[in-house]
Amino acid sequence: MNERNGFEERLRQARTQRGLDKPPEKGGALPQTAWGFGLRAGVEVVSALVVGVVIGFLLDRWLGTWPWLFLVFFVMGSVAGVLNVYRLFSPKPRSRSGQ
Amino acid sequence: MAVEGKTIDALSQFELSPVLGVVGQAVSFSQSNLFMLIATVLSCGLMLLSARRAQLVPGRLQALGESAYEFIAGMVRDQVGDEGKKYFPFVFSVFMFVLFGNLLGMLPYAFTFTSHIAVTLALACVVFVTVTVIALMRHGMHFFSYFVPEGAPVWLWPIIIPVEIISYFSRVVSLSVRLFANMVAGHVMLKVFATFVVLLGGLGAVGPFVAAMPLAVNVVLVGFELLVAFLQAYVFAILTSIYLHDAVHLH
């Protein structure tokens, strides 16, 4: 009896491994240490800010509206950075994609 | 090498110089390119060798190749789902390239090509473009609804959509800068403490005893850097799979 149960379990594992069954849902498995979180958050903020500033700067150069679009996109970049960090810390890491 | 006139020169290790003599000079074949080539050959060789002489009870090499394969295959399956299987070769190549780049950099006299923003930015751009093209192919024009969160009032769209677009593009920067900064910081620290060993070692009779301290730090740092080398390759690969998940499932 016991052996039979073990077999069922192993069969289920093997099927899951090969993708025949739906695997149990797992969350994002990124390293969750405090330092890792801190560094990731910093990188996310800075990179969003950099992208915003670059977009604003290029648009300004193209349209000749210096410095207004730069300022607008600076703020947008900051907001996007905060949004990135919010997504990083929100309880469901992939709430956007909703499964 | 690092000590030139009793100063700490931690950045010259990242300078490019042509290798392979005249031919390398003519086509600007730097040591960065050389180590990329070595990394590619090594990862291909590892997978070919471990697959060629495959036995039921794996030897060391086969176990290494298979555990690398299983590791990334499991990650892609967990993150992307069953649809992600066809993107496994892409994630696996990126992972192996970054991993070998990071690990080769830990060898003495080796060059860490992942410590150049040009290389990591190119890698991140490849990932970004691939993910975007996959999303466009799977969803067509519907892909652009990714930038419009459900349930947001229409009057907020002019603010939300640019923010979402910036957030989307910031993936390239964060992906590349994370890898680049980690590798540069680690190698600069190693070089600085190695320079301390040389500088303090020359302090007469007490020198060797004092120099043992930065040497001990360096021993710890080498272990730490090996961890970082693996971890950053892992983070690069898992973020690639998370982006693939977003591209495949969209909302």
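Helix α4 of chain B, taking in residues 88–104, has 17 residues and reaches 24 Å from first C-alpha to last, close to the 24 Å expected at 1.5 Å a residue (the expected span being 1.5 Å times one less than the number of residues). Helices here are DSSP runs of H or I with at least four residues, strands are runs of E with at least two, and both are numbered from the N terminus. Most of α4(B) is covered, with 13 of its 17 residues buried; buried stands for under 20% relative accessible area, exposed for over 50%, and partly exposed for anything in between (1.4 Å probe, protein chains only).

This is a predicted model, where local features need pLDDT of at least 70 and side-chain atom pairs count only at pLDDT 80 or more, while totals for chains, interfaces and linings use all residues. Residues are numbered from 1 along each chain as its sequence is written, chains are lettered from A in the order in which they are written, and side-chain values use heavy atoms, leaving out hydrogens and water.

Among the contacts in chain A (heavy atoms within 4.5 Å) with a separation of 6 or more, 46% come from residues 24 or more positions apart. Chain A exposes about 7000 Å², with carbon and sulfur atoms supplying 68% of that area; accessible areas come from the Shrake-Rupley method with a 1.4 Å probe, and for residues only the protein chains shown count as cover.

A nonpolar surface patch of about 610 Å² is made by A:V45, A:V46, A:V50, A:V54, A:F57, A:L58 and A:W66. One of these, A:V45, sits in helix α2 (residues 34–63) of chain A and is partly exposed, at 34% relative accessible area.

Technical notes:
Patch = residues over 30% accessible without salt bridge, like charges linked within 9 Å, V, L, I, M, F, W, Y side chains within 5 Å. Salt bridge = Lys/Arg side-chain N within 4 Å of Asp/Glu carboxyl O.
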